[in-house]
Amino acid sequence: MTESHHFRVLEFYSGIGGMHYAFDESGHQGKILRAFDINTTANEVYAHNHGKKHLAQRNIEAVPMEYYDEQQADVWLMSPPCQPYTRTGNKAGSKDARAKSFLYLMDILPKMTHPPNYILLENVKGFEESDSRDFLVEALMGAGYEFQELLITPLQLGIPNSRMRYYCLARKTDNKPDEDAILSDPMLALKVEKLDKYIEFKDVADERMQRYMIPDKTLIKYGALFDIVKESTRRSCCFTKGYYHYVESTGSILQMAHEKDVRYGTEAPNADEYNAKALALLRTLGLRYFTENEVARLMGFPVLEGKFSFPEKTSLKQRYRVLGNSINVKVVSHLIRYLLTSKTENISEKKAEKEAGKDPEVRSESS
Ligand code: SAH
């Protein structure tokens with residue numbers, strides 16, 4: 001990556017800017033020309049960290065093709081709404097109204113004068129089985145792209161958090177990938193870290209505990225459903241947007257007390273006593289939600305570096321919600337690095353060829 005091409009990037013469905021961070025971390029030069037999203041809370045978070053200048057609070061399907069064309073972007077990064085493809089959603093795929101803007105983009109892609117050279121799309125596992133994926137493939141083939149599809153979880157990068165996602169990397173076929181440019185780190189060989197380095201506070205007496213503690217009511221009702229992890233654990237569940245709001249399968253919770261096993265005493269004469277016993281036991285575990293910063297860090301956001309934070313006005317519930325919608329920055333930055341590498345190599349190759357053709361001195365030097 002010696003050649004530094006300045007990529008012109010459009011960020012669709014930008015949310016809190018996961019793709020922006022991923023691009024920054026990919027090591028490629030360039031700038032986000034425009035970030036499109038209609039959600040005001042997410043946009044506030046985005047603006048808080050990157051300023052308002054490039055933020056377009058617009059409905060993607062209401063923007064005319066000419067506008068996208070005028071941007072002359074080389075790269076489109078996009079994570080369209082996933083609800084049409086999730087298990088908990090309706091699985092209606094393209095019939096879901098929330099898929100409409102994506103279908104619009106796929107419709108205009110083959111018609112554009114300046115289509116991007118690269119497209120990276122992220123979505124939930126399940127997208128690959130949907131009819132939207134068929135539209136994607138059709139548009140890509142029609143517009144002269146080659147592409148590859150992957151299902152990747154952050155665990156494969158050694159990050160102790162589940163978030164299995166679908167990725168599609170597409171290149172215009174005049175930018176052939178270079179086999180040597182394929183990521184040199186053998187991702188799968190990396191070991192998964194322990195959670196401890198992601199944890200903000202580890203003491204039950206910490207004043208922040210008030211904010212993240214799990215209420216007794218929730219403990220009694222859902223105690224048995226919790227996915228409880230400790231700082232020594234090497235995994236955590238995918239944090240979805242219902243985290244902190246709904247308990248079941250929305251993300252792990254942290255046990256701060258050490259060396260305790262989570263097990264209910266089953267001998268109790270009646271339900272009340274059973275509950276009382278269970279509650280007493282659960283209370284000793286020092287259970288709490290992961291803080292929004294811990295979740296953000298597990299998702300690869302540069303919190304410690306001071307580059308990502310939330311505006312004060314964003315409520316805790318909103319913070320979890322927009323994080324739940326976002327992406328794993330580390331995973332996507334690797335993908336961007338990989339996707340764009342072929343272009344930079346090709347540019348230098350082409351340049352070298354051109355120069356060699358034009359200037360015989362250069363040719364004799366290089367051979
Ligand atoms: N990658 C993002 C999250 C994407 S979630 C991140 O890092 O946070 C999908 C986003 O698409 C949501 O923020 C939602 O507000 C936005 N969205 C959905 N339909 C849209 C449309 N028609 N126009 C613009 N934004 C839309």
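Trainee: In which sense do strand 5 and strand 7 pair, and over how many bridges?

Mentor: Two strands count as paired if DSSP finds at least two bridges between them. Strands here are DSSP runs of E with at least two residues, helices are runs of H or I with at least four residues, and both are numbered from the N terminus. In this predicted model, local features need pLDDT of at least 70 and side-chain atom pairs count only at pLDDT 80 or more, while totals for chains, interfaces and linings use all residues. Residues are numbered from 1 along each chain as its sequence is written, and side-chain values use heavy atoms, with hydrogens and water left out. Strand 5 and strand 7 pair in the antiparallel sense, over seven bridges. Look for Leu121, which stands opposite Cys168 in strand 7.

Trainee: And in which sense does strand 5 pair with strand 4?

Mentor: Strand 4 (residues 75–78) and strand 5 (residues 118–124) are parallel partners, joined over four bridges. Here Trp76 has Ile119 of strand 5 as its bridge partner, and Leu77 stands opposite Leu120.

Trainee: What is the strand order of the open sheet?

Mentor: The order is 3-2-1-4-5-7-6, an open sheet of seven strands with mixed pairing. Strand 3 (55–56) and strand 6 (145–152) are at the edges with a single partner strand each, so one side of each has no neighbour in the sheet.

Trainee: Is strand 5 mostly covered or mostly open?

Mentor: Buried means under 20% relative accessible area, exposed means over 50%, and partly exposed lies in between, with a 1.4 Å probe and protein chains only. Strand 5 is mostly covered, with seven of its seven residues buried. Across the protein, buried residues make up 50% of the 367 residues.

Trainee: Which strands does helix 5 lie across?

Mentor: Axes are lines fitted to C-alpha atoms, for helices over the stretch in contact (heavy atoms within 4.5 Å). Angles run from 0 to 180 degrees between N-to-C directions. Helix 5 (residues 131–142) lies across strand 5, strand 6 and strand 7 (165–172), and runs at about 150° to strand 6.

Trainee: How many disulfides are there?

Mentor: A disulfide is a covalent bond between the sulfur atoms of two cysteines. With the cut-off of two cysteine sulfur atoms within 2.5 Å, the count comes to zero. The sulfur of Cys82 has its closest cysteine sulfur in Cys238, 9.3 Å away, which is too far for a bond. For Cys238, the closest cysteine sulfur is in Cys237, at 8.3 Å, also too far.
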